[in-house]
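This briefing concerns helix packing, the chain interface and salt bridges. Please consult the sequence and the structure alongside the points that follow.

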Amino acid sequence: MKNNIRVERAILRISQQQLANAIGVSRQTVFAIENNKFIPSTELALKLSEYFSKTVNELFQLDDARDEQ
Amino acid sequence: MPHRYQVLGWYILTFVLISVFVLCLYDTPFSWNNIIETVEMILLYVSVILLGFSKERNEDEFTMHLRMKSIVIAVGSIFILSIIGAIVQCIDHSFGLFSEKGMLMINGILTGITSMSFAFVLYFVIFRILLFNNWKRSRTNEE
């Protein structure tokens, strides 16, 4: 699973801490999501989608390598 | 448990470690030794329980993910160590590699490893390491 959180955050020019505060998690969690170390729950994905005004599918995509399997 | 119990846990753990260090320096009368050791063991377990079960300051689903990961690693490690121990015992029974004293020590270590308290301490240590590693990585890549 890959995501565009870092790109979307750069577009809005907000820090990891600001995003973390907005969605109610720690900055470490935002860092882990951006680096694909952690796949967020549906609830958190929906919060992110609401925050960036994008659909969940636009923010998160299945990895190509995984699709081929 | 709320985060404040974790602070209490750290205080108790520090007290236990300091008291163990002090008791190692000074000899206590034999009759007191068992009582002090028991009290220290109880305090150690209480502190580890408080530290292991209390929430982090920013507890979220990623912290829960790390907790789950730590439990899996801890249980896996214990099984691997138990298997290694069993192989060592088997080899010793067949070829008599170790002395009686050495085997007693290995048996003691195995008993300790397979105990619930060791599993919990291992879970706690692994959880702290994972948490620290993530904090360190996120700090160096702060944006």
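The model described here is predicted. Chain A and chain B bury about 1300 Å² between them, and the structure as a whole holds 6 salt bridges over all chains. Helix packing is described for H1(A) with H4(A), for H3(B) with H4(B) and for H3(B) with H5(B).

**Interface between the chains**

- The contact between the chains involves 13 residues of chain B and 16 residues of chain A.
- Of the roughly 1300 Å² buried between chain B and chain A, 51% lies on carbon and sulfur atoms.
- The number of salt bridges between chain B and chain A is 0.

**Salt bridges**

**Helix packing in chain A**

- Helix H1 (residues 5–12) of chain A packs against helix H4 (residues 42–52) of chain A at an angle of about 30°, and their axes are 11 Å apart.
- Because angles under 35 degrees count as roughly parallel, H1(A) and H4(A) are roughly parallel to each other.
- The crossing of H1(A) past H4(A) is left-handed.
- On the H1(A) side the contact comprises A:Ile5, A:Glu8, A:Arg9 and A:Leu12, which meet A:Leu48, A:Tyr51 and A:Phe52 of H4(A).
- By class, the contact of H1(A) with H4(A) has 5 nonpolar, no polar and 2 charged residues.

**Helix packing in chain B: H3(B) and H4(B)**

- Helix H3 (residues 61–95) of chain B and helix H4 (residues 100–113) of chain B cross at roughly 155°, their axes coming within 10 Å.
- H3(B) is therefore roughly antiparallel to H4(B), and their crossing is left-handed.
- From H3(B), B:Ile78, B:Leu81, B:Ser82, B:Gly85, B:Val88, B:Gln89 and B:Asp92 meet B:Met103, B:Ile106, B:Asn107, B:Leu110 and B:Ile113 of H4(B).
- The residues of this contact between H3(B) and H4(B) divide into 7 nonpolar, 4 polar and 1 charged.

**Helix packing in chain B: H3(B) and H5(B)**

- H3(B) also packs with helix H5 (residues 116–140) of chain B, at an angle of about 135° and with axes 8 Å apart.
- H3(B) and H5(B) are therefore oblique to each other, and they cross in a right-handed sense.
- The residues of H3(B) in this contact include B:Phe62, B:Leu66, B:Ile71, B:Ala74 and B:Ile78, while those of H5(B) include B:Phe118, B:Leu122, B:Ile126, B:Leu130 and B:Asn134.
- The contact of H3(B) with H5(B) has 14 nonpolar, 4 polar and 2 charged residues.
- B:Ile78 of H3(B) takes part in the contact with H4(B) and in the contact with H5(B).

Technical notes: Residues numbered from 1 in each chain as written. Chains lettered and ligands numbered in written order. Predicted model: local features only at pLDDT ≥ 70, side-chain atom pairs only at ≥ 80, totals over all residues. Heavy atoms only, no water. Axes fitted to C-alpha atoms, helices over the stretch in contact; angles between N-to-C directions. Helix = DSSP H or I, 4+ residues; strand = E, 2+ residues; numbered from the N terminus. Parallel < 35°, antiparallel > 145°, perpendicular 65-115°, else oblique. Left-handed = near helix turned anticlockwise from the far one by under 90°. Contact = heavy atoms within 4.5 Å. Nonpolar A, V, L, I, M, F, W, Y, C, P; charged D, E, K, R; others polar. Buried area = accessible area lost by both parts, 1.4 Å probe. Salt bridge = Lys/Arg side-chain N within 4 Å of Asp/Glu carboxyl O.
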